[in-house]
Amino acid sequence: MKLAPKSIALTFAGGAIGSLSRWVLGESFDMVAMLWVANLLGTLLLGVFNGHSWFATESRREFWAIGFCGGFTTMSGLAAWMYFSSFSLIALALMFALGFLVYWFGLKIGTRMAAR
């Protein structure tokens with residue numbers, strides 16, 4: 001698979017905006033709350049983007065789903081939280097379970113929005 005410069009640029013731009021949005025969010029919440037909000041909101045948006053037909057083009061998917069949502073959500077923050085804090089595995093499992101549920105909900109929202 002050959003990566004086109006346009007695909008790289010769209011993914012990079014979306015990721016930069018997503019990362020900046022997460023940083024702004026982090027200024028409003030403490031680290032743990034920011035992780036929950038960013039990951040669950042990003043997962044909801046990913047579901048909407050994957051469910052809505054407007055985002056079905058390759059360039060929109062690269063910018064919004066891969067770039068923006070990839071930059072907005074934070075697996076590295078979750079890993080740091082796991083390493084540096086005394087969190088429980090229950091909290092981690094809850095975040096992942098809620099992530100699947102929120103993604104499914106976002107997918108339904110996107111599908112219904114596209115049907116209008």
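Mentor: Happy to! There is one salt bridge in the structure (a side-chain nitrogen of Lys or Arg within 4 Å of a carboxyl oxygen of Asp or Glu). Keep in mind that this is a predicted model, where local features need pLDDT of at least 70, side-chain atom pairs count only at pLDDT 80 or more, and totals for chains, interfaces and linings use all residues. Residues are numbered from 1 along each chain as its sequence is written, and side-chain values use heavy atoms, with hydrogens and water left out.

The partners are Glu 58 and Arg 61, whose closest N and O atoms are 2.8 Å apart. Side chains of opposite charge can pair when their charged atoms come close. Now find helix 3, residues 58–72 (helices are DSSP runs of H or I, at least four residues, numbered from the N terminus). Both Glu 58 and Arg 61 belong to helix 3, and they're three residues apart, about one turn of the helix.

How covered up are they? Glu 58 has 46% relative accessibility, so it counts as partly exposed. Arg 61 has a relative accessible area of 32%, so it is partly exposed too (buried is under 20%, exposed over 50%, partly exposed in between, with a 1.4 Å probe and protein chains only).

For contrast, look at Trp 23, which sits in helix 1, residues 5–28. Trp 23 is exposed because its relative accessible area is 52%.

Conventions: Helices (H or I, at least four residues) and strands (E, at least two) are DSSP runs, numbered from the N terminus.
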